[in-house]
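Dear colleague,

Please find the structure below, handed over for your use. The notes after it set out what was found.

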Amino acid sequence: MNKTLILTIYFILPIFLFSCQEQKKETTENSNLISVEKNTDNKITIQGKITLKGSQKAPLGVTTMNVKNRWAFKKDITKFLKEPSPKKTIAYGENERVFVNKDGYYKITINKNDTLQLISTPYLYKYTKQITGLNKSQTLNIEIENLPLESLESFKKEYPLGYKIFYNYLNQVNPDSLITVSGTIFSSNTKIPLENIDVATSFLYNTRGSNTFHFTDKNGQFNIKAPKNSHILINGMKSNYTDFIAKKDTIIHLYL
C-alpha cells in the first residue's frame with residue numbers, strides 16, 4: 001500500500017489525543033425495557049437487536065456497544081510530548097465493548113449505572129446518544145438512522161483512495177469472527193524495544209470519536225483485538241509505517 005493511501009486513511013480518521021474531559025450525560029433513548037435475567041455483584045446484562053429505522057435490517061459494517069466510562073486502554077502521554085502541555089494529556093485507546101453480530105444482536109454485561117454508547121459504521125449512519133440510567137438487566141432494542149447519501153458521496157469524491165479501503169472494509173470485515181494481533185516493535189538501529197508506537201484499527205472508533213488503537217509498552221509490546229480482515233496500521237503517522245490486513249491471529253516482531 002503506497003504512502004499516499006496511508007496518509008489518506010490517517011487524514012480521514014480523527015486524531016486520537018484528547019484532554020481528559022467528561023461529556024454531559026444524556027437520557028436513555030430508543031429502549032424497549034423487558035427484564036431478562038438477574039446478576040449478582042452489581043452486574044447487569046443488557047441485550048437486544050440493532051436495526052435500521054423503519055426496517056428489521058441490521059446495519060452494515062462493524063457496530064459495537066461500548067461502555068463509555070470504562071476503557072480497555074488509556075495512557076498519560078504527557079512525558080512523551082516534545083513540547084510542554086498546559087494540562088494533563090491522555091491517549092484514549094478503546095472502550096470495553098462487544099461486537100454486534102451480522103444479524104444485529106448483541107449482549108453485554110456491565111456494572112449498574114454504567115453508560116453505554118452504540119457506535120456504528122462512519123459515513124453511513126448517524127451517531128446515537130448515550131444510554132444512561134441502566135440499573136437492571138433488560139432488553140434494549142435500538143434503531144439507527146442513515147446519514148444523507150451526500151455524506152458518503154462527498155467522502156468518495158474528496159478521498160477516493162480512502163473510499164476504496166472503506167468499500168473493502170464493508171465487504172470483507174467480519175464482526176462475527178474476532179482475532180488477536182500482538183507483537184513487539186524494535187528499533188532497526190539499536191534493536192531496543194520501542195515504547196509508544198501506535199497500533200490502530202481503521203474505521204473502528206471509540207466513544208470519543210477517535211479510531212481505536214493501542215500504544216506499545218516499555219517492552220515494545222502490544223495486543224489488540226479486531227474483527228477478521230481488519231486493516232491494521234502500525235506507526236501510521238510516520239514514513240516508516242507498516243500496514244496489513246489481519247486475516248487470522250497474528251504475532252508480529254517488527255523493526256522500524
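Arg70 is partly exposed, with a relative accessible area of 29%; here buried means under 20% relative accessible area, exposed over 50%, and partly exposed in between, with a 1.4 Å probe and protein chains only. Arg70 forms a salt bridge with Asp114, the closest N and O atoms being 3.1 Å apart. A salt bridge is taken as a side-chain nitrogen of Lys or Arg within 4 Å of a carboxyl oxygen of Asp or Glu. Arg70 lies in strand β3 (residues 64-71) and Asp114 in the loop between β7 (105-111) and β8 (116-119), so the pair ties together parts that are 44 residues apart in sequence. Helices (H or I, at least four residues) and strands (E, at least two) are DSSP runs, numbered from the N terminus. Asp114 is buried, at a relative accessible area of 3%.

Please note that this is a predicted model, in which local features need pLDDT of at least 70 and side-chain atom pairs count only at pLDDT 80 or more, while totals for chains, interfaces and linings use all residues. Residues are numbered from 1 along each chain as its sequence is written, and side-chain values use heavy atoms, with hydrogens and water left out.

Further salt bridges

The structure holds 4 salt bridges. One of them joins Glu145 and Lys126, at 3.5 Å from N to O. This pair links distant parts of the chain, 19 residues apart: Glu145 is in the loop between β10 (142-144) and α2 (149-158), and Lys126 is in the loop between β8 and β9 (138-139). Glu145 is partly exposed, with a relative accessibility of 34%, and Lys126 is partly exposed at 37%.

Another salt bridge is formed by the side chains of Arg97 and Glu94, with an N to O distance of 3.5 Å. Arg97 is buried, at a relative accessible area of 17%, and Glu94 is buried as well, at 9%.

A buried lysine without a salt bridge

Lys49 belongs to strand β2 (residues 43-52). Lys49 is buried yet has no salt bridge, and the nearest side chain of opposite charge, Asp103, is 7.2 Å away. Leaving aside residues up to four places away in sequence, Lys49 touches Gln56, Asp103, Gly104, Tyr105, Tyr106, Leu140, Asn141 and Ile142, where contact means heavy atoms within 4.5 Å.

An open sheet of 4 strands has the order β13-β12-β15-β16, with antiparallel pairing; two strands pair if DSSP finds at least two bridges between them. At its edges stand β13 (211-215) and β16 (242-246), each with a single partner strand, so one side of each is left without a neighbour in the sheet. Within this sheet, β12 (residues 198-205) and β15 (residues 230-234) pair in the antiparallel sense over 3 bridges. Ala200 has Leu233 in β15 as its bridge partner.

Strand β11 (residues 174-186) and β14 run antiparallel and are joined by 8 bridges. Leu178 has Pro227 in β14 as its bridge partner.

Yours sincerely

Key. Lys and Arg count as positive and Asp and Glu as negative; His and the chain ends are not counted.
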